[in-house]
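Try each one yourself before reading its solution.

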Amino acid sequence: MNYRIKDASLAGEGKKKIDWAQVHMPVLFNLKKKLKEKSPLNGVKIAGCLHVTKETGVLIRTLCDLGADLSWCGCNTLSIQDDVAAALVDEGISIFASSKT
């Protein structure tokens, strides 16, 4: 797995943020719940470039849970939540995102 993030030790806090956002994003949550067993994206490779935030984390998790092979990068160093990036790497997702310090 390839990744570049600022600090892997932030993963715990990032997971909490993504879990919180997931509760507040019912459409993606219900889509995942409905389609997860069918794995409609199995074998599909997706490369994404978007702000790495807790909301994007929910989208990334959903795509992966539906079977996609995913690689993601941040589109703006000012909009990267380093803890979210660390949480996604900890879940085995290829992420290239590190904020400016």
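Predicted model: local features only at pLDDT ≥ 70, side-chain atom pairs only at ≥ 80, totals over all residues.

**Exercise 1.** Work out which residues of helix 1 are buried and where they sit around the axis.

*Solution.* Start with the helix itself: helix 1 runs over residues 11-23 and spans 19 Å from its first C-alpha to its last, close to the 18 Å expected. Next, pick out the buried residues: Ala 11, Gly 14, Ile 18, Ala 21 and Gln 22. They cover an arc of only 105° around the axis, so they end up on the same side of helix 1. Here's the background: an α-helix has 3.6 residues a turn, so residues three or four places apart point the same way. Finally, look at what covers the buried residues: the cover includes helix 2, helix 3 and helix 4.

**Exercise 2.** Is Ser 79 buried or exposed, and what does its side chain make a polar contact with?

*Solution.* First locate Ser 79, in the loop between strand 3 and helix 4. Its relative accessible area is 18%, and buried means under 20%, so Ser 79 is buried. Then check partners: leaving aside neighbours within four places in sequence, Ser 79 is in contact with His 51, Val 52 and Thr 53. With the side chain of His 51, the Ser 79 side chain makes a polar contact at 2.4 Å.

**Exercise 3.** How many disulfides does a search of the whole structure find?

*Solution.* The search turns up zero. Take Cys 73: its nearest cysteine sulfur, that of Cys 49, is 3.4 Å away, and a disulfide needs the sulfurs within 2.5 Å. For Cys 75, the nearest cysteine sulfur is also that of Cys 49, at 5.3 Å. Cys 73 is partly exposed at 28% relative accessibility, and Cys 75 is partly exposed at 39%.

Terms used
Residues numbered from 1 in each chain as written. Heavy atoms only, no water. Helix = DSSP H or I, 4+ residues; strand = E, 2+ residues; numbered from the N terminus. Expected span 1.5 Å × (residues − 1). Buried < 20%, exposed > 50% of the residue type's maximum accessible area, 1.4 Å probe, protein only. Arc of directions from axis to C-beta. Contact = heavy atoms within 4.5 Å. Polar contact = N/O pair within 3.5 Å; in protein donor to acceptor, adjacent residues only side chain to side chain.
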